[in-house]
Amino acid sequence: MASSSANLEDVPSVDLMTELLRRMKCAPKPNKRLILIGPPGSGKGTQSPIIKEEYCLCHLATGDMLRAAVAAKTPLGIKAKEAMDKGELVSDDLVVGIIDEAMKRPSCEKGFILDGFPRTVTQAEKLDEMLKKQGAKIDKVIDFAIDDAILEERITGRWIHPSSGRTYHTKFAPPKVPGIDDVTGEPLIQRKDDTAAVLKSRLEAFHKQTEPVIDYYNKKGLVAHLHAEKPPKEVTAEVQKVLS
């Protein structure tokens, strides 16, 4: 006990106060375990911080979690690194184990948003098994449904100013001078992933692997389909309606 009070003494008062206020705000919120599913560019990345903040959830992005587990050299992280070093895919069981570990963090007390997992029906089944052992289950799966043609327009029009991270879009938010950053006058670049050819292969993988996951959860009555082609504020309103 002495050591924990000593630890608290080392924490700045502002941080303690912020955490206390967060916990007070979060206490009455209902627990929610959510999965966001949608193709690249469907707006999951825009909506998940809003959902996270509103419902006091933690955001579990499997790629980030794997990197964190490897960096922290957790037993599962060491196994994951061995697979990565051999150029192998990290097994579903390992990823589910890392999600299991992450869910025990205080920030995940009210639940979580899973983004980028499960991508296959097998992964969905393994996730359900793990949650069942904890006496928990997925509450809602949010499907960011959007037409491929709209995605192509969204993604292939994206241009970025590398040093600031400022983003532009040839149609929706064009720079004052094509190909040039408004602030610095430096050239804009297009990410390698933001081309029609890369998008086509990513969408093919999404339709083939991940759409069956939507069917899997649909049979359990857990899926809410959003109109993800709408402007972000309208999508946020749809999300809130689904989760209220």
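**Legends to the close-up views**

**View 1. Surroundings of Ile99.** Ile99 is in contact with Leu60, Thr62, Met65, Leu114, Phe117, Leu127 and Met130, leaving aside its neighbours within four places in sequence; contact means heavy atoms within 4.5 Å. The model is predicted, so that local features need pLDDT of at least 70 and side-chain atom pairs count only at pLDDT 80 or more, while totals for chains, interfaces and linings use all residues. Residues are numbered from 1 along each chain as its sequence is written, and side-chain values use heavy atoms, with hydrogens and water left out.

**View 2. The largest nonpolar core and another core.** A nonpolar core is a set of buried Ala, Val, Leu, Ile, Met, Phe, Trp, Tyr and Cys residues joined through side-chain atoms within 4.5 Å. Buried means under 20% relative accessible area, exposed over 50%, and partly exposed in between, with a 1.4 Å probe and protein chains only. The largest such core has 36 residues, of which Leu60, Ile99, Leu127, Ile138 and Tyr217 touch the most other members. Among the elements that each supply at least two of its residues are strand E1 (32–37), strand E2 (58–61), helix H6 (92–103), strand E3 (111–115) and helix H9 (196–218). Helices (H or I, at least four residues) and strands (E, at least two) are DSSP runs, numbered from the N terminus. H6 provides the largest share of this core, 7 residues. Another core, of 18 residues, lies apart from it and includes Tyr55, Ile146, Ala228 and Leu243.

View 3. The strands follow the order E2-E3-E1-E4-E7, with parallel pairing; two strands pair if DSSP finds at least two bridges between them. Because E2 and strand E7 (223–227) each have a single partner strand, they stand at the edges, and one side of each is left without a neighbour in the sheet. On average, neighbouring strands of this sheet are turned by 25° against each other, direction ignored. Strand E4 (residues 140–145) runs parallel to E7 and is joined to E7 by 5 bridges. Ile142 has Ala224 in E7 as its bridge partner. Helix H10 (residues 232–243) packs on the sheet and touches E1, E4 and E7, and its direction makes about 160° with that of E7. Axes are lines fitted to C-alpha atoms, for helices over the stretch in contact, and angles run from 0 to 180 degrees between N-to-C directions.

**View 4. The disulfide of Cys26 and Cys56.** A disulfide, defined as a pair of cysteine sulfur atoms within 2.5 Å, joins Cys26 to Cys56 with an S to S distance of 2.0 Å. This link is left-handed, with -85° about the S-S bond. Cys26 belongs to helix H2 (residues 13–26), whereas Cys56 lies 30 residues away in the loop between helix H3 (44–55) and E2. Cys26 is buried, with a relative accessible area of 5%, and Cys56 is also buried, at 6%.

**View 5. The disulfide of Cys58 and Cys108.** Cys58 and Cys108 are joined with an S to S distance of 2.0 Å. The torsion about their S-S bond is about 110°, so this disulfide is right-handed. Cys58 lies in strand E2 and Cys108 in the loop between H6 and E3, so the pair ties together parts that are 50 residues apart in sequence. Both Cys58 and Cys108 are buried.

**View 6. The loop residue His161.** His161 is found between strand E5 (158–160) and strand E6 (167–169). This residue is buried, with a relative accessible area of 1%. The side chains of His161 and Glu186 are joined by a polar contact of 2.6 Å. A polar contact is a pair of N or O atoms within 3.5 Å; within protein, one must be able to donate a hydrogen and the other to accept it, and residues adjacent in sequence count only if both atoms are side-chain atoms. Not counting residues up to four places away in sequence, His161 touches Arg166, Asp181, Thr184, Glu186, Pro187 and Leu188.
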